[in-house]
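Welcome! Have a look at the sequence and the fold below, and then we will walk through some of the main features together, topic by topic.

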Amino acid sequence: MEVGLKRRSAVGKNVRKVDGLSLATGRPKFALDIDIPGALVGKILRSPHAHARILSIDASKAEALPGVACVLHCGNVKRIPFTTAGQGWPEPSPYDTVLFDSKVRYVGDQVAAVAAETEEIAEEALKLIKVEYEVLPAVLSVEEALAEGAPVIHDEEDSQGIYDAAHNIAAAVDIPVGDIERGFAESDVTVEEICEIPYSQHTPIEPHCVIAYFDEDGRLVLRTSTQVPFHVRRIVARALELPMERIRVIKPRVGGGFGSKQEVILEPVAAALALRTGRPVRMALDRSEVFISSRTRHPMRVRVKLGAKKDGTLHAIEMEATSNTGAYGTHALTVLSNVGSKTLPLYNKAPHLWFHGKAVYTNLPVAGAYRGYGATQGYFALEVAMDELAGRLGMDPVELRLKNHIRAGETSPIFEKIGEGREGVPMVVRSCALSQCLRVGAERIGWDEKRKSPRREGPWAYGVGMAVSMQGSGITGVDMGAATIMMNEDGSFRLLVGATDIGTGSDTILAQIAAEVLGVPVERISVYSSDTDFTPFDVGAYASSTTYVSGNAVLRAAQEVRRKALEVAAGMLGEPAEHLELADGKVISPRTGKSVTLSEVGHRATYVADQKHIIASASFVPAESPPPFAAFFCEVAVDTETGIVRVERFVATADCGVPIHPKLAEGQLEGAIVQGIGHALTEELLFSNRGRCLNANLFDYKIPSSLDVPDVEVVLVDSEEPTGPLGAKSIAEVGINGPLPAISNAIYHAVGVRLTRAPFTPERVLSALRQGRRLG
Amino acid sequence: MSYRLGCGIVRVVINMRLKGIRRFHYARDLEEALSLLSAYGGRGAVLAGGLDLARSARADLEGLIDISGLGLSYVRAEGGGLRIGATTTLTDLLESRPAREYLGGFLGEVLRQVAAPPLRNQATFGGAVVSAHPWADIPTVLVALGAEVSFQDEAGRHKGLLEELWEKPFRHIFKGAVLTEVILPPWDGAFAFAKLTRSAYDIALLNCACGLGIQDGRISWARVALGATPRRGRRLPWLEDLLVGKEPGPGLWAEVKELVPEKVEVGTDRRASGDWRRAVAGPLLTRCLARAARKVTGGNL
């Protein structure tokens, strides 16, 4: 750009978060912070069975209970197949869900909903609903689901888009590149690892919640804690057969999502209750419902086989993923696809690739989008296999990565072969500082020295391990973000974005991009996100898209507003706009030294001469999805007598292009790593042999606290993405892919056993140690 | 302060689970608390910190009797031992001077590992005794210490060893009684505590408390309790007997480690299997014993 952005004034600075003060002082900003007079409370009756047909529902007693406004169930709500996955159109997830089905497919599935005057009455009413079930044999594992003659979970006739319903396969992929058999035959060394991730849950601090009400014109308003307000509007319109123009979705502050709020779960229920009663309805999941009936990570088994030449050059990679999508196929195909599409391009030296897999239905909770989105599962197996390969080759694991990772100017056939539920687009990587990330990280943790001599103190064995990962920045050809910027008469600006800040700080980052271009401090930009009536379209907060996709839209809108403001200033200063400079809230003529303030420009345009509102909107559709890269190094201590693993140090180095707000970028990386440490050490949902979740609470299901993780040391390594807004790429997801393999590899270094089933609980570690010893 | 906290907890409790609550009483003295308890005939509950009440789902409860005004929040040193009022919070106990001086700050070592600071600010020591969760750390420690309790019911005052009380249907007893005080005896030696958890704020997968006296290089007395097995903490008399008269040190710990797997009674729950508990009990106990011995000898072991 010609505005001299290298001399950046707003970008690259740790400015105060635009919503920081109001959040810190407890202003009522979240979905349920407002009271809508006369609101009913909505509650959901959930299935006690993993698989059953509903023979009859008698809601008469519940309906007769004083204070109950309505009861919805399969007997009085129209059957319309849809998907709860909040993704772009055409929706890649199957339409295999109806609001209230005559069949339940997991313990916790939706059977009926009640709206009542109080929560107590609603709960009492749930108990009065009589449901007669015909209990069906349940399928509680992928193996059972794929077995010959297994019960069919989706035997309904009106579903659409299921890959093979008769065999419980929601989605499948098969992507061959080159000749894999030849590839392995030509390899000097081959290794194979199978890694497995269980059910885990995002545990956002704010549960899923929504208020449905009607505005003065009778339009339905959904104030909801969501990552995808525009998809909520589209999906609710479909599920309830409402004209889209009758729906407005407001996204207030959101207390965390991590993918679980990329699902449209509560909104259609609240909307249906509000429409049936004509009254506002408040709903919130309790913590147990968040665990069981919102969404989880896709449990997955990933097998990776690597073939390499003696010098360490990868020659063939096979990756097979078997994904458990649970009772419904939301994100089944796209998460499965990302297992390969976000991992295999990293090692683009191998000419022979085969990525294949299935996403399988089971009678267990529904998996969905979760930060990392398949890449986390893929990298676990890939990076553990790379560690094993390094050992077999007698090569340093860091050197093996340095030898094989993709570089700027290079491509991978996978970019073109796998897209968002369809073919992708060819892409050349334009920025990659992974080599530097590897060197900086290795030096920071003292890699060479610690690898040479693993420490031992009594029963505690110490080891270091590492892993690398990449992700994307939005979805090529599918995502679209738009922004509107308007100049106020005082020279301040209003930035309207559909982009969805869910606690990531994206409102601040987008304001920084606008401020940079418009030559004003960030405080002069008021950001508003997001409201389907008042902000332009944006697909929402997922796929690491906001900084790159929405940021590019803001950049374009800001450039246009800047151009228009300079035109007005040109009239005031009597010079052509292209001779003027904009900085520090002023338009300056370098030739004459004269200047006018933006406040004077705004005032003139609004009231004085050639009156017009200085305003511009712009959209951005990514033609590329530039990957951020990261290297992870950790040191663990393993108690060889108890199996307890402590993460002693964690160093992460990342290339996210130009960090618009370095502190927020570091925060994203730190948060993702802590979540990843949870995956590695403690997080796992447990089920009874009837499919009932046994630990759906934060007392039993342990997420790491600050006392369980060391200070995560993060380093952002400089790079500049030419297609990014002011050089930026994404950072939100890439960090969660590293901890699982890095910790597994560090345990291997410490005690010589490979942990391939997460989480690495004391029991699993001790058992592996004993088996390892016996084998050894 | 406690009154306000109490009311806050009541609100939370009622909103969460205890939907039958109709009345809240702020007892002025012990007699009033007891007569209220009696009047409710099992449908009233004593409210101290309220944490376990908040976790319970007792829809049958109609009245809550707040005992925070009974003057039972104190920690007193007495003859080398300690008297702890039932409504003393874990934080107040942790920070009190008598507790810091008792057994070289042993209670602090334990309580810093119990729950999280916000919970310790609310939880009372008496509550921990009355609830006595099988997985809890405090019962294991109190059994090892030989703690006694005082409580009062309509029949009068009672005093007894906690170790014995917990073998009785104590929850039933406390439906009609108010715990007033926990008494920790003096010990000439040192205690240590150890637990295994999945995370810092997790409940124990296994915990233990060990106390030793050492005279002339040999163990003169030993108190060892193992808890969260998954049953509540109990002493291991066979191990105590084995230790007495022996010379503390690596040889003895190795002998203990060898014996523990076959002697120890452990079971499976969803957090850990009996096999794992059996395998790790030896290392846990011997580390704890070694630490207690080091405390006695000033680090010479």
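In this predicted model, the largest nonpolar core has 369 residues, and the members that touch the most others are L495(A), A514(A), A654(A), I747(A) and C210(B). Helix α16 (residues 546-573) of chain A gives this core its largest share, 13 residues. As background, nonpolar side chains in soluble globular proteins tend to be buried together.

- Strand β9 (residues 190-196) of chain B runs antiparallel to strand β10 (residues 206-215) of chain B, and 7 bridges join the two.
- Strand β9 of chain B is mostly covered, with 7 of its 7 residues buried.
- In a regular strand, side chains alternate between the two faces of the sheet.
- Which residues of β9(B) lie on each side? A190(B), A192(B), A194(B) and L196(B) are on one side, F191(B), F193(B) and K195(B) are on the other, and all of them are buried, so both faces are covered.

**Chain A as a whole**

- Chain A contains 20 helices and 27 strands.
- Its radius of gyration is 27 Å, close to the 28 Å that the globule rule gives for 776 residues, so chain A is as compact as a globular protein of that length.
- Buried residues make up 62% of the 776 residues of chain A.
- Among contacts in chain A with a separation of 6 or more, 80% are between residues 24 or more positions apart.

- A381(A) belongs to helix α10 (residues 375-393) of chain A.
- A381(A) and T756(A) are 375 residues apart in sequence, but their C-alpha atoms are 7.8 Å apart in space.
- Setting aside neighbours within four places in sequence, A381(A) is in contact with E193(A), I194(A), C195(A), V302(A), R303(A) and V304(A).

**Domains of the two chains**

- Chain A is assigned domain 1 (5-29 + 480-620), domain 2 (35-136 + 205-256 + 261-293) and domain 3 (300-475 + 624-775).
- The C-alpha centres of domain 1 of chain A and domain 2 of chain A are 38 Å apart.
- Where these two domains touch, domain 1 of chain A brings 18 residues and domain 2 of chain A brings 19 residues.
- The side of domain 1 of chain A that touches domain 2 of chain A has 6 nonpolar, 7 polar and 5 charged residues.
- Chain B is divided into domain 1 (2-66), domain 2 (75-184) and domain 3 (190-297).
- In chain B, 38 Å separate the C-alpha centres of domain 1 and domain 3.

**Where the chains meet**

- How many residues of each chain are in contact with the other? There are 14 residues of chain B and 18 residues of chain A.
- Helix α14 (residues 274-297) of chain B provides 4 residues, the largest share of the side of chain B that touches chain A.
- By class, that side of chain B has 8 nonpolar, 2 polar and 4 charged residues.

Terms used. Residues are numbered from 1 along each chain as its sequence is written. Chains are lettered from A and ligands numbered from 1 in the order in which they are written. This is a predicted model: local features need pLDDT of at least 70, side-chain atom pairs count only at pLDDT 80 or more; totals for chains, interfaces and linings use all residues. Domain bounds come from an automatic or database domain assignment. The radius of gyration is taken over C-alpha atoms; the globule rule is 2.2 Å times the number of residues to the power 0.38. A residue is buried if 20 or more other C-beta atoms lie within 10 Å of its own, exposed if 12 or fewer, and partly exposed in between; C-beta atoms are placed from the backbone. Two residues are in contact if their C-beta atoms, placed from the backbone, lie within 7 Å. Ala, Val, Leu, Ile, Met, Phe, Trp, Tyr, Cys and Pro count as nonpolar, Asp, Glu, Lys and Arg as charged, and the others, Gly among them, as polar. A nonpolar core is a set of buried Ala, Val, Leu, Ile, Met, Phe, Trp, Tyr and Cys residues joined through C-beta atoms within 7 Å. Two strands pair if DSSP finds at least two bridges between them.
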